[in-house]
Amino acid sequence: MNYKDYYKILGVDKTASDKEIKQAYRKLARQYHPDVNPGDKAAEEKFKEINEANEVLGDPEKRKKYDELGPYFANGGNPFDFQGGGGNPFGGGNPFGGGGFSYDFSGGQGNMGGFSDFFSAFFGNAGGGRGRGGRVNMNDLFGGAQRGFQQEPETQEITLEIALEEAFEGTERTIQVPVRKTCPSCGGTGFTGATVCSTCRGSGKAARNSSIDVKIPAGVRTGSKIKVENYILVIKIIPHKYFEVNGVDLTEKLPISITEAVLGAEIDVPTLKGRVSVKIPPMTQAGKKLRIPGFGLPSLKGNGGDLYIEIKIASPEKISTEEKALFEKLAEIMKDNPRKDIYRG
C-alpha cells in the first residue's frame, strides 16, 4: 500500500503546532469543499485526502502513532508483523504494548467514512473517533456552533415589491423569507455516511421558508430599506398604470378634448388622495404641465411631493354628421398653420 505523507498533504512541517495544522486544514478544506467545486471529482478526492490527513495529525494520539510508524511504511516495511519477522522495527513485539493487539486488514471501509487503506492499516475501525466515522465536523472546520459550511450573513437583503398605493398610504405585509436551518437529512454534519449530503451539499443547513410580519410606512420609495429581524427589505414600487414616480413627485398624463383645450374647462382629476377639480386654461397646448401641490408621495424625511398633470389632447375617434360639418366650417374660418415655423429657412 502507498505511504501517505499527511504533513505534505496539509502543507505543514513535521514540527507544526496543533494550531498550525488546524489553520492549514481549514484553509484547504474551504478551497476543495464539494460545495465550492460542484461536480469536480478531483477536488472531491483532494477534500477526502485533506480530511484524512487532519483526522490523523489533528489527533495527538493518532499523530504520535503515525510519527512512530510512518517512516517504515515509507520504506516498504510492514510494522504490523507481530510474529517476530519481516518488517517489524520493534523486534517482534506489539509496538504499542500489551498482548493480543490486532488490526483489521480486510480492506473494508466499515465506519471509516471513505478513508484510504493506508489509514485503515494504521488505525482500523478506531479511525472514526474524533471525526465521527470519518465525517467532517463542519462546525470545527469553519468555527461556531451550528453555523455549518455556509455561514449565515448577519443580514440578508430581500427585494419587496409593493404597489404605489401602498407606498403612498403605508401598509402591513406578511412575507415568506428563506431561513437556513439544520439540515434534516444529515443532522447538520454536512455528510450522510461517507458522502457529502445531497440536501445541503455539505453546508449542514437547508433552506426553509418562514413567515414574518412587516410594517411598511407611508412614504417609502424604490430603494428604501426596512430592517426586520435579520433581514433588510429593499423596496421596489411596481410601475403604475397612470402615475409616474420621480422621487416624491408624481406625473399623470391627462387626456382632454380639443374643445377643452381651446376653450378651457374645469375637470375632475384622479389622484392618490381621490378626485380633485382642476381648471384647464383656455388655449392649453399638448404637453403643458399643471402642478397640484401636496398631491405627490409623502416623505419619510420631511415635506412630501407634488402631482404634475401633463396635458394630452385627444382627438375624437368618431364624430357625427353635424360635428363634421362644424369642423369643416371651422377649418374654413381658422387660417392658423401649426407647422409654419418648421418651413422657415
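Trainee: Where does Ile258 lie?

Mentor: Ile258 lies in helix H8. Helices (H or I, at least four residues) and strands (E, at least two) are DSSP runs, numbered from the N terminus. This is a predicted model, where local features need pLDDT of at least 70 and side-chain atom pairs count only at pLDDT 80 or more, while totals for chains, interfaces and linings use all residues. Residues are numbered from 1 along each chain as its sequence is written, and side-chain values use heavy atoms, with hydrogens and water left out.

Trainee: Is Ile258 buried, partly exposed or exposed?

Mentor: Buried means under 20% relative accessible area and exposed means over 50%, with partly exposed in between (1.4 Å probe, protein chains only). Ile258 has a relative accessible area of 31%, so it is partly exposed.

Trainee: Which residues form the nonpolar patch on the surface?

Mentor: Patches are made of residues with over 30% relative accessible area and no salt bridge; like charges are joined within 9 Å, and nonpolar side chains (Val, Leu, Ile, Met, Phe, Trp, Tyr) within 5 Å. Here the members are Ile258, Val262, Leu263, Met283, Ile313, Ile319, Phe327, Leu330, Ile333 and Met334, with about 920 Å² of accessible area together. That area comes from the Shrake-Rupley method with a 1.4 Å probe, and for residues only the protein chains shown count as cover. Helix H8 (258-263) and helix H9 (321-333) each supply at least two of the patch residues.

Trainee: What is the phi of Met283?

Mentor: As a general idea, most residues other than glycine have a negative phi. Met283 is not a glycine, yet its phi is positive, about 60°. Met283 sits in the loop between strand E11 (274-280) and strand E12 (289-292), and it counts as exposed at 55% relative accessibility. Glu229 also has a positive phi, near 55°, and lies in the loop between strand E6 (225-228) and E7.

Trainee: How many residues does the largest nonpolar core have?

Mentor: A nonpolar core is a set of buried Ala, Val, Leu, Ile, Met, Phe, Trp, Tyr and Cys residues joined through side-chain atoms within 4.5 Å. The largest has 37 residues, and those with the most contacts inside it are Ile162, Leu233 and Ile309. Its largest share, four residues, comes from strand E7 (residues 231-237). A second, separate core of 21 residues includes Tyr6, Ala29, Leu57 and Phe191.

Trainee: How many salt bridges does a search of the whole structure find?

Mentor: Side chains of opposite charge can pair when their charged atoms come close. A salt bridge is a side-chain nitrogen of Lys or Arg within 4 Å of a carboxyl oxygen of Asp or Glu. The search finds twelve. Glu44 pairs with Lys41, with the closest N and O atoms 4.0 Å apart, and Lys48 pairs with Glu44 at 3.9 Å. Lys48 and Glu44 are four residues apart in helix H3, so about one helical turn separates them. In helix H4 (residues 60-74), Glu61 and Lys65 are also four residues apart, and their closest N and O atoms are 3.3 Å apart. Salt bridges that share partners join Lys41, Glu44, Glu45 and Lys48 into one network.
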